[in-house]
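Work through the exercises below with the sequence and the model at hand. Each task is followed by a stepwise solution.

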Amino acid sequence: MTLMYGIANCDTIKKAKKWLDSQNVSYQFHDYRKQGLTAELLQTFEAQLGWEQLVNKRGTTYRALTDEQKAGLNKDTALALLLEHPAMIKRPLLVHQEHMHLGFKAEQYQEIFA
């Protein structure tokens, strides 16, 4: 089963869903805002991808952090912030055949599902 994690109103999520639908790829969508995010799941993401990759530095949630919060980011502080603000996780986070992939590009998905 392919799982996609993110937030429903994200434009990149919408593009990824559209691509998956157009390719007849079945998947389940996990909306952080509706279904939440556990510390255990976040630890799983971090173990495979690394906390630096998980943090979406281009999003409004990250930009709203104080300069001190940004400067003091390390694994522990980043994971605490991501747990509190799951919208700050780079999207989408796709889990396919036990591998995790961040972001969406049609070419990337073409390779994943080839």
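**Exercise 1.** State the order of the secondary structure elements, starting at the N terminus.

Solution. The model is a predicted one. Step 1: count the elements, which gives 8 helices and 4 strands. Step 2: read them from the N terminus on, which gives β-α-β-α-α-α-α-α-α-β-β-α.

**Exercise 2.** Compare the radius of gyration of the protein with that of a compact globule.

Solution. Step 1: for 114 residues, the radius of gyration of a compact globule would be near 13 Å. Step 2: the protein has 14 Å, so the two agree. Step 3: for the extents, take the C-alpha trace along its principal axes, where the protein spans about 45 × 25 × 25 Å. Step 4: for burial, 46% of the 114 residues count as buried. Step 5: for contacts between residues at least 6 apart in sequence, 63% join residues at least 24 apart.

**Exercise 3.** Decide whether Asn 56 is buried or exposed, and list the polar contacts of its side chain.

Solution. Step 1: locate Asn 56 in the loop between α4 (51-54) and α5 (60-63). Step 2: its relative accessible area is 14%; the cut-off for buried is under 20%, so Asn 56 is buried. Step 3: a polar atom of the Asn 56 side chain lies 3.1 Å from the backbone nitrogen of Arg 58. Step 5: leaving aside residues up to four places away in sequence, Asn 56 touches Tyr 62, Met 88, Ile 89 and Lys 90.

Conventions:
Residues numbered from 1 in each chain as written. Predicted model: local features only at pLDDT ≥ 70, side-chain atom pairs only at ≥ 80, totals over all residues. Heavy atoms only, no water. Helix = DSSP H or I, 4+ residues; strand = E, 2+ residues; numbered from the N terminus. Rg over C-alpha atoms; globule rule 2.2 N^0.38 Å. Buried < 20%, exposed > 50% of the residue type's maximum accessible area, 1.4 Å probe, protein only. Contact = heavy atoms within 4.5 Å. Polar contact = N/O pair within 3.5 Å; in protein donor to acceptor, adjacent residues only side chain to side chain.
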